[in-house]
Amino acid sequence: MTIAVINSGGANLGSVVHALNRLGAESVLTRDAAEIRAAERVILPGVGAAAWAMNALREAGLVEVVRGLTQPVLGICLGLQLLFERSDEGDAECLGQIPGTVGKLAVDASLRLPHMGWNQLAWSDAGDPLARGLSGDEWFYFVHSFAAPVDHAVATSEHGQRFAAVVRRGNFAACQFHPEKSAAAGARLLANFLSS
Amino acid sequence: MVAVRLIPCLDVRDGRVVKGVRFRNHREMGDIVELAARYRDEGADELVFYDITASPQRRSVDVGWVEKVAAAIDIPFCVAGGIRDVDTARAVLHAGADKVSVNSPALERPALISELAEAFGSQCVVVGIDSIREGSHLRVRQYTGDPDNMVDPRRDTEHWVEEVQRLGAGEIVLNCMDSDGVRSGYDIDQLAHIRALCKVPLIASGGAGEEAHFLEVFQQADVDGALAATVFHSGQIAIPELKAWLAERRVVTRF
C-alpha cells in the first residue's frame with residue numbers, strides 16, 4: 001500500500017511516519033501533488049496555527065489537490081480542523097470538506113488551555129471503521145486549544161465543552177487527538193485507517 | 001475528563017540517562033531508548049528528557065537520540081537542554097519530539113518563548129522554572145544543571161510565571177529546588193500558590209518519594225501532571241500500581 005503523509009511544514013511530522021513504520025507500513029512524507037494523488041491512503045497531519053498551515057498548503061499548491069482526493073484521507077489534530085470551512089484561529093478559510101467553523105475551546109477558570117493530555121472518547125457511531133476493535137474506554141493524547149463542532153463527529157470528547165474528536169464525511173476522516181502518540185489505542189486507530 | 005499525567009524525567013548526559021540528588025553526584029542509570037520503552041510499556045503518560053549539561057556548556061541538544069526515541073515510543077515526549085533558538089527547536093521537533101522545554105535560555109532572552117510559540121504554536125513550548133525559597137520569597141535560578149555555574153537571574157517566580165504565559169508558553173514545569181532530591185514530597189504550598197497564577201497546564205517537579213506524595217500534589221495543588229525521576233528509575237514506585245492506587249482515591253488516571 002502507498003501512503004502519503006502530506007508535508008504541511010509543521011513540526012514533528014516525523015512522528016506519524018514513525019508510527020506507520022511501527023505498524024509495518026511504509027509511507028512517504030511529501031508535498032508532491034502527483035505523489036499525493038496517486039497514494040492509496042493520505043494523511044494530513046498538522047501542528048501549529050490554522051492560518052499558517054493553510055498558507056503552507058496554498059504555497060505548495062496543495063489546496064485543490066487535497067480537496068479533490070477520493071481515496072481515504074485521515075486528518076490529524078490541526079489536520080482535522082483544516083477540513084472544516086473556517087477556523088477562528090487567525091480567521092482562516094480552510095479546506096471546506098466538512099461544514100462548520102472551528103472555534104476556541106470555551107473553558108472556565110478550573111480548566112486549562114491548551115487541552116493537553118490524555119482523554120477519552122464517546123463514540124456516537126461505534127460502527128465507524130476507525131472504531132473497530134476499540135471498546136470505547138481507551139485514552140487518546142490531545143494537544144489543542146481550538147476545536148471543531150460536533151455535527152459531523154463520529155466520536156466526541158469533552159474539555160469545558162463537547163467537541164469533535166473523530167469526524168467523517170465521505171472519504172475524509174480525521175481525529176483531533178494524536179493517534180501516533182496515543183500508545184496502543186492510537187496504533188489500533190491508525191491500523192483501522194489503513195485497512196478501511 | 002483529562003487524566004492527570006505521570007511523567008518520568010530522564011536526565012541525559014552524553015547520550016545516557018543519569019540522575020543526581022540535589023543535582024549533584026550523578027550516577028548512570030541506563031540507555032535512553034531502553035528506559036523510554038520501559039516507561040511506555042509501564043503506562044507513563046509522557047516523558048521528559050533533560051540534557052542537563054547542554055545549557056551551562058552553551059551547546060545544544062544532540063538530535064540523534066531524539067530520533068531514536070521517537071522511532072521507538074508512541075507516547076508524547078519533551079526535550080529540554082540548550083534549546084536557545086528556533087532552528088534548534090525545529091531540529092528537535094522534526095526529530096520527533098512533541099515539545100521543547102526552555103529554561104535558562106528563556107531567562108537569557110525571554111523573547112525566545114514568543115519566537116518558539118509563533119513558529120510552532122504554544123502547545124509545543126514548555127517553560128521549565130527552577131524555583132527556590134529565599135525567606136518568604138520564591139526566586140528563580142538559572143543554569144541549575146551545573147552547581148558551579150548556577151546564576152541568580154534576580155526574578156521572582158510569580159512574575160516569571162506570569163511573563164512566560166504572556167509570551168506564549170503552553171505549559172509550565174515548576175521545579176521546586178528545596179524539595180528536589182529530598183523525596184519528602186512535592187512543595188504543595190508553592191505549587192498551589194503558582195497554580196492560581198497559571199492558566200496553562202502546570203507540572204509539578206521535585207520531591208516525590210512515595211505514592212502519597214502524588215495523591216497530595218494532585219488533590220491539594222491541582223497540578224496537571226507530576227514529574228519524578230528517582231522513585232521511578234529505582235523501581236521503588238511502579239507506575240501501574242501507582243495509577244491503580246490513585247484511581248482508587250478518585251484521581252483520574254489513564255490505564
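Helices, as the term is used here, are DSSP runs of H or I with at least four residues, strands are runs of E with at least two, and both are numbered from the N terminus. With that convention, A:Cys77 is placed in the loop between S4 and helix H5 (78-82) of chain A. Its phi is near 60°, a positive value in a residue other than glycine. Most residues other than glycine have a negative phi, and most peptide bonds are trans.

Before I continue, some conventions. This is a predicted model, in which local features need pLDDT of at least 70 and side-chain atom pairs count only at pLDDT 80 or more, whereas totals for chains, interfaces and linings use all residues. Residues are numbered from 1 along each chain as its sequence is written, chains are lettered from A and ligands numbered from 1 in the order in which they are written, and side-chain values use heavy atoms, with hydrogens and water left out.

I turn to the sheets of chain A. Two strands are said to pair if DSSP finds at least two bridges between them. Strands of a sheet pair through backbone hydrogen bonds, either parallel or antiparallel. In chain A, eight strands form an open sheet with mixed pairing, in the order S2-S1-S3-S4-S14-S13-S12-S9. Its edge strands are strand S2 (27-30) and strand S9 (122-123) of chain A, each of which pairs on one side only.

Within this sheet, strand S3 (residues 41-44) and strand S4 (residues 73-76) of chain A run parallel and are joined by three bridges. There, A:Leu44 stands opposite A:Gly75 of S4(A). Helix H6 of chain A packs on the sheet, touching S1, S3, S4, S9 and strand S14 (172-175) of chain A, and its direction makes about 140° with that of S3(A). Helix H1 of chain A lies across strand S1 (3-6), S2, S3 and S4 of chain A, running at about 160° to S1(A).

Two hairpins follow. Strand S12 (residues 153-159) and strand S13 (residues 161-169) of chain A run antiparallel, joined by six bridges, and A:His159 has A:Gln161 as its bridge partner in S13(A). One residue lies between these two strands, and A:Gly160 in the turn has a positive phi of about 80°. S13(A) then pairs with S14(A) over four bridges, again in the antiparallel sense. A:Arg169 stands opposite A:Phe172 in S14(A). This second hairpin has two residues between the strands, and A:Gly170 takes a positive phi near 60°.

Chain A also has an open sheet of four strands, in the order S6-S5-S7-S11, with mixed pairing. Strand S6 (92-93) and S11 of chain A each have a single partner strand, so one side of each is left without a neighbour in the sheet. Strand S5 (residues 84-87) of chain A runs parallel to S7(A), with three bridges between them; A:Phe84 has A:Ile98 as its bridge partner. By contrast, S7(A) and strand S11 (residues 146-147) of chain A pair in the antiparallel sense over two bridges.

The loop between S7 and S8 of chain A contains A:Pro114. A cis peptide bond, with omega about -5°, joins A:Leu113 and A:Pro114.

What area is buried between chain A and chain B? The value is about 2600 Å², of which carbon and sulfur atoms give 55%; buried area is the accessible area (1.4 Å probe) that two parts lose on being put together, summed over both. In chain A, A:Arg112, A:Met116 and A:Trp118 lose the most area to chain B, together 27% of what that side buries. The contact takes 25 residues from chain A and 39 residues from chain B.

Finally, the salt bridges (a side-chain nitrogen of Lys or Arg within 4 Å of a carboxyl oxygen of Asp or Glu). Three are counted between chain A and chain B. A:Arg112 forms one with B:Asp222, at 3.2 Å, N to O, and one with B:Asp224, at 3.1 Å, N to O. The latter pair crosses from the loop between strand S7 (98-104) and S8 of chain A to the loop between helix H8 (211-221) and strand S11 (225-228) of chain B.

Notes
Contact = heavy atoms within 4.5 Å. Axes fitted to C-alpha atoms, helices over the stretch in contact; angles between N-to-C directions.
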